[in-house]
Amino acid sequence: MSETAPALAPLFRSDQQFRLLGVLFAGTGAEVSIGELAERASVAQATASREVARLAQHGLVVTRLLGRNRLVSPNWSLPWAPELRSILMQTVGVVGRLGDALRGIDGVHEAFVFGSWAARLEGEPGPFPNDVDVVVIGTASLRTIRQACRKVEQDLRVDINPVVVDRASWDSDEPEPFIAQIQEQPLAGC
């Protein structure tokens with residue numbers, strides 16, 4: 001099923017294309033298989049194959065065969081590749097960068113982006129978000145979480161507002177109003 005252009009960056013052809021380019025340009029920039037690309041972008045493999053073929057035809061990505069696997073990498077020789085990376089880093093790349101920053105911190109069990117950023121990722125139209133709201137489920141201190149988010153804030157020039165919620169409060173059948181409000185909104189896993 002084709003999805004329309006993403007609300008975070010409506011200049012892209014589709015949400016799937018946006019997420020695929022985000023994995024390629026906003027990630028490590030390393031060569032990946034179509035299957036791995038599809039999994040990391042949360043796109044069906046057949047869709048990823050079609051989109052990669054289109055992107056390769058227009059020179060945005062480079063592909064090569066290795067045995068039976070098609071490997072894909074960003075085309076860094078494009079004169080505007082750094083600008084494309086910047087756009088992707090500051091849109092779809094934020095969630096991945098936050099996940100990287102929070103991964104490995106003791107006491108972080110799960111983390112989600114919520115609020116307007118997650119709503120735009122889900123395709124809800126609206127103005128570009130001014131900040132990123134993050135809920136961390138676990139026992140890590142808010143200070144530790146803020147320190148982990150600081151580098152992402154500096155690199156991407158976006159304010160990050162983390163909150164920490166313990167597992168029992170998050171999983172409660174009758175969560176407190178603030179938690180219930182977060183859970184009713186779109187959530188993007190980090």
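Which residue of strand 3 is the bridge partner of L66? The partner is N69. The model is predicted; local features need pLDDT of at least 70, side-chain atom pairs count only at pLDDT 80 or more, and totals for chains, interfaces and linings use all residues. Residues are numbered from 1 along each chain as its sequence is written, and side-chain values use heavy atoms, with hydrogens and water left out. Helices (H or I, at least four residues) and strands (E, at least two) are DSSP runs, numbered from the N terminus.

- Two strands pair if DSSP finds at least two bridges between them.
- Six bridges link strand 2 to strand 3 (residues 69-74) in the antiparallel sense. Here V61 stands opposite P74 of strand 3.
- Strand 2 and strand 3 form a hairpin with two residues between them. In the turn, G67 has a positive phi of about 65°.
- Strand 1 and strand 3 run antiparallel and are joined by two bridges. V32 has V72 as its bridge partner in strand 3.
- Axes are lines fitted to C-alpha atoms, for helices over the stretch in contact, and angles run from 0 to 180 degrees between N-to-C directions.

- A second open sheet holds four strands in the order 6-5-4-7, with mixed pairing. Strand 6 and strand 7 (188-189) are the edge strands, and each pairs on one side only.
- Strand 4 and strand 5 run antiparallel, joined by six bridges. A111 has V136 as its bridge partner in strand 5.
- Helix 5 packs on this sheet, touching strand 4, strand 5, strand 6 and strand 7. The direction of helix 5 makes about 35° with that of strand 5.
- Seven of the 10 residues of helix 5 (residues 93-102) are buried, so this helix is largely enclosed by the rest of the structure. Buried means under 20% relative accessible area, exposed over 50%, and partly exposed in between (1.4 Å probe, protein chains only).
- The buried residues of helix 5 are G93, V94, V95, R97, L98, G99 and L102.
- Just after helix 5, G104 takes a positive phi of about 90°.

**Helix 9**

- I179, A180 and I182 are buried in helix 9 (residues 177-184). They cover an arc of only 160° around the axis, which puts them on the same side of helix 9. The arc is that of the directions from the helix axis to the C-beta atoms.
- P177 and E184 are exposed on the other side of helix 9.
- The cover over the buried residues of helix 9 includes strand 4 (108-114), strand 5 (131-138), strand 6 (159-165) and helix 8 (167-171).

**Nonpolar cores**

- A nonpolar core is a set of buried Ala, Val, Leu, Ile, Met, Phe, Trp, Tyr and Cys residues joined through side-chain atoms within 4.5 Å.
- The largest core has 48 residues, and L88, L98, L102, V113 and V132 touch the most other members. Helix 1 (residues 15-26) gives the most to this core, with seven residues.
- Leaving out residues up to four places away in sequence, V132 touches V94, L98, V113, W117, V158, D159, I160 and N161. Contact means heavy atoms within 4.5 Å.
- A second, separate core of eight residues includes F112, I137, V165 and I179.

**Two single residues**

- N75 lies in the loop between strand 3 and helix 4 (81-89). N75 is buried, with a relative accessible area of 13%.
- The side chains of N75 and S77 are joined by a polar contact of 2.5 Å. A polar contact is a pair of N or O atoms within 3.5 Å; within protein, one must be able to donate a hydrogen and the other to accept it, and residues adjacent in sequence count only if both atoms are side-chain atoms.
- Not counting residues up to four places away in sequence, N75 touches F25, G59, L60, V61, V62 and A81.
- F18 lies in helix 1 and counts as buried at 1% relative accessibility.
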